[in-house]
Amino acid sequence: MNVTPNTPNSGEGISAPPPHEAYANAPELRREIHQVLALGAERDGRQARPVTGPPVDPTVAERTWRLRRAALMDRMALDDPGPGPVAAAAETAEQLVLLDRSHPDLVAGSHHPDALTPNRRLYVRQEYAAWTAAGRPGT
């Protein structure tokens with residue numbers, strides 16, 4: 001099947017996992033929404049981080065929040081491919097890419113963030129799958 005690189009579910013010559021593989025171990029959407037909101041509240045100082053486990057590096061915590069938020073928006077856009085959800089997924093994916101350009105040591109997948117253009121959502125899937133495989137560091 002020949003699919004254009006702009007299609008959110010594929011990329012020619014790119015080994016990013018398809019959504020069903022990338023998000024196979026993702027929490028149910030409602031639970032993930034609550035968890036991402038809680039991470040955002042911790043990030044913004046509206047909620048204290050639970051004091052369990054070792055301290056988390058602030059850059060790793062920021063990346064974890066951006067990655068999970070981008071993956072959540074991607075999953076929501078897959079369920080409802082309207083212009084609003086697709087735009088939100090693209091925007092949050094771009095925010096992850098911008099952070100990863102500044103911190104290439106945090107990239108876990110095989111492709112650099114700029115390798116998966118023009119569809120940044122492929123990058124999110126790659127990174128979410130790699131993050132899950134690594135045991136979800138930074139949470």
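**Reading a helix**

Tutor: The buried residues of α5 pack against α1 (19-22), α2, α3 and α4. Helices are DSSP runs (H or I, at least four residues), numbered from the N terminus. This is a predicted model: local features need pLDDT of at least 70, side-chain atom pairs count only at pLDDT 80 or more, and totals for chains, interfaces and linings use all residues. Residues are numbered from 1 along each chain as its sequence is written, and side-chain values use heavy atoms, without hydrogens and water.

Student: How many of the residues of α5 are buried?

Tutor: Buried means under 20% relative accessible area, from a 1.4 Å probe with protein chains only. In α5, 12 of the 14 residues are buried, so the helix is largely enclosed by the rest of the structure. Among them are Leu 122, Tyr 128 and Trp 131.

Student: How far does α5 reach from its first C-alpha to its last?

Tutor: The expected span is 1.5 Å times one less than the number of residues. α5 reaches 20 Å, close to the 20 Å expected.

Student: What lies at the ends of α5?

Tutor: Asn 119 caps the N-terminal end, with a side-chain oxygen 2.9 Å from the backbone nitrogen of Arg 121. Gly 135 follows α5, and its phi is positive, near 90 degrees.

Student: Which residues is Leu 106 in contact with, leaving aside its neighbours within four places in sequence?

Tutor: Contact means heavy atoms within 4.5 Å. Leu 106 touches Thr 59, Val 60, Arg 63 and Glu 127 in this way. Leu 106 itself sits in the loop between α4 (83-102) and α5 (120-133).

Definitions and conventions:
Helices (H or I, at least four residues) and strands (E, at least two) are DSSP runs, numbered from the N terminus. Buried means under 20% relative accessible area, exposed over 50%, partly exposed in between (1.4 Å probe, protein chains only). A polar contact is a pair of N or O atoms within 3.5 Å; within protein, one must be able to donate a hydrogen and the other to accept it, and residues adjacent in sequence count only if both atoms are side-chain atoms.
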